[in-house]
Amino acid sequence: MDFRSRQEMEAVRAEVRAVLSSVLPADWGGSGLLPMDVLPEHMGLARQLDMALAERGLLAPSFPPEYGGRGMGPYGHYALLEELGYHLAPRLTTIAVDLVGPVLLLYGSEEQRRQHLTRIAREGTIWSQGFSEPQAGSDLTSLQTTARRRDGCYVINGQKIWTSMAHQAEWIILLARTGPPESRGRGLSLFLVPAKAPGITISPIVDMTGAHMLNQVFFEDVEVPAENLVGEENRGWVYATTLLQHERGDAILVGQFRRLLDDLRSLLQSRYGRGKAPAAVRHALAQAEVELEVGRLLNLRVVDMAARGLPMDMEASVCKLFVSESFQRFTHVACAILGLWGLAREGKGSVLGGRVPYYLMASVPTTIIAGTSEVQRMIIATRGLGLPRS
């Protein structure tokens, strides 16, 4: 494939920058939270940005025009996400746009598409993803939340954890068991559940930075209309793995990686002079630059495969594994270079807008969400290399 930037990508980048400059303050530095900025003081700005993007069809650009998007191809969409990541754009609609949308386009009914896609693209509906459970994190085929058919609806009971944005969401895309306990992946179904439905209780999980993105969600006899089932009953694992392939794209993370590296390099040049930083520091930055470029090329390989309609299961896992682990390594390098001041979130001595502690914390779940690094290695080994399961 040709890794050079396409004219389509540069046009999208220019348009996104124009939107960002019209919404974000001139001194905007973001927070470093990944992949969604959920600080209370940034919520209003995030909604304002959503609406500005929606006016141009850029909030959900890959959606067909009849659903409020542009029908944009994978290359343009990648450029948009990378640009949003670089400018640390506060985002609340990641799950709705990048995960729910593709699944409904592939497997949803026409009624579900009409009901949800246009609202996502034009109104910025916030969704959360109800997959992980206390006893079923990376091994989703062992999840225990049940959905039992009764009188034209499904009754859901169980618990989800690490549910990003559930406290802000209007809807939850939920994976639940409709088959017997031993059915594993063959007995799972995917549902669209109103987040405020009776019987749902949301309990916050506050992380070590004080940010509230994650939640525990409890379901007690929650009734969901049968028409909210996505596709066929007991086919949810097929649909969920498709969703996870989309979630394993790392365009936003690549953009944020580039921003942190650029900002750190500029800070060190002002401190030491150009090319005058200690040799160990220069070598660490060079290694980060190499890993960033490799991660970007791996992303573009996945983009190219998507553009050609090719399956990208193993390649998406390679991309997710490498980018998330290399970014995590670089956040530790940044902290080592900056010393204790790098960990200050505010005050006179803080650097880079106090973002580094958020980066450091957020880099941990990047190697867990959408499947842990161990899961990615298993996918690469079995589906990519044809090795037997251990």
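Aspartate 151 is exposed, with a relative accessible area of 77%; exposed means over 50%, buried under 20%, and partly exposed in between, for a 1.4 Å probe and protein chains only. This report concerns a predicted model, in which local features need pLDDT of at least 70 and side-chain atom pairs count only at pLDDT 80 or more, while totals for chains, interfaces and linings use all residues. Residues are numbered from 1 along each chain as its sequence is written, and side-chain values use heavy atoms, with hydrogens and water left out.

## Backbone at two loop residues

Aspartate 151 is placed in the loop between strand 2 and strand 3 (153-160). Helices (H or I, at least four residues) and strands (E, at least two) are DSSP runs, numbered from the N terminus. Although aspartate 151 is not a glycine, its phi is positive, at about 50 degrees. Most residues other than glycine have a negative phi. Asparagine 234 also is not a glycine and has a positive phi, of about 70 degrees. Asparagine 234 belongs to the loop between strand 8 (229-230) and helix 6 (236-247), and counts as partly exposed at 28% relative accessibility.

Threonine 145 is located in the loop between strand 1 (127-130) and strand 2 (146-150). With a relative accessibility of 1%, threonine 145 counts as buried. Its side chain makes a polar contact of 2.7 Å with the side chain of glutamate 133. A polar contact is a pair of N or O atoms within 3.5 Å; within protein, one atom must be able to donate a hydrogen and the other to accept it, and residues adjacent in sequence count only if both atoms are side-chain atoms. Leaving aside residues up to four places away in sequence, threonine 145 touches Glu133, Ile156, Asn157, Gly158, Gln159, Lys160, Ala176 and Arg177, where contact means heavy atoms within 4.5 Å.

Glutamate 83 is part of helix 3 (residues 74-86). Is glutamate 83 buried or exposed? Its relative accessible area is 4%, so glutamate 83 is buried. Residues up to four places away in sequence again left out, glutamate 83 touches Arg13, Val16, Arg17 and Leu20.

Arginine 345 lies in the loop between helix 9 and helix 10 and is partly exposed, with a relative accessible area of 40%. The side chains of arginine 345 and tyrosine 358 are joined by a polar contact of 3.4 Å. Beyond four places in sequence, arginine 345 touches Thr209, Gly210, Ser350, Gly353, Gly354, Pro357 and Tyr358. Arginine 345 and aspartate 27 are 318 residues apart in sequence and, from C-alpha to C-alpha, 17 Å apart in space.

## Helix packing

Two packed helices are described by the angle between their axes and the distance between the axes. Axes are lines fitted to C-alpha atoms, for helices over the stretch in contact, and angles run from 0 to 180 degrees between N-to-C directions.

| Helix pair | Axis distance | Crossing angle |
|---|---|---|
| Helix 1 (residues 7-23) and helix 2 (residues 43-55) | within 10 Å | roughly 140 degrees |
| Helix 3 and helix 7 (residues 251-272) | 7 Å | about 40 degrees |
| Helix 9 (residues 313-338) and helix 10 (residues 356-366) | within 9 Å | roughly 150 degrees |

The angle between helix 9 and helix 10, roughly 150 degrees, makes helix 9 roughly antiparallel to helix 10. Angles under 35 degrees count as roughly parallel, over 145 as roughly antiparallel, 65 to 115 as roughly perpendicular and the rest as oblique. The crossing of helix 9 and helix 10 is left-handed. A crossing is left-handed if the near helix is turned anticlockwise from the far one by less than a right angle, and right-handed if clockwise. Residues of helix 9 in this contact include Phe327 and His332, and those of helix 10 include Tyr359 and Leu360. The contact of helix 9 with helix 10 divides into 7 nonpolar, 6 polar and 1 charged residues. Here Ala, Val, Leu, Ile, Met, Phe, Trp, Tyr, Cys and Pro count as nonpolar, Asp, Glu, Lys and Arg as charged, and the others, Gly among them, as polar.

Helix 1 and helix 2 are oblique to each other, and their crossing is right-handed. Val19, Leu20 and Val23 of helix 1 meet Leu45, Gln48, Leu49, Ala52 and Leu53 of helix 2. This contact of helix 1 with helix 2 has 7 nonpolar, 1 polar and no charged residues.

Helix 3 and helix 7 are likewise oblique to each other, and helix 3 passes helix 7 in a right-handed crossing. Among the residues that meet are Tyr78 and Glu82 in helix 3, and Arg258 and Asp262 in helix 7. By class, the contact of helix 3 with helix 7 has 6 nonpolar, 3 polar and 4 charged residues.
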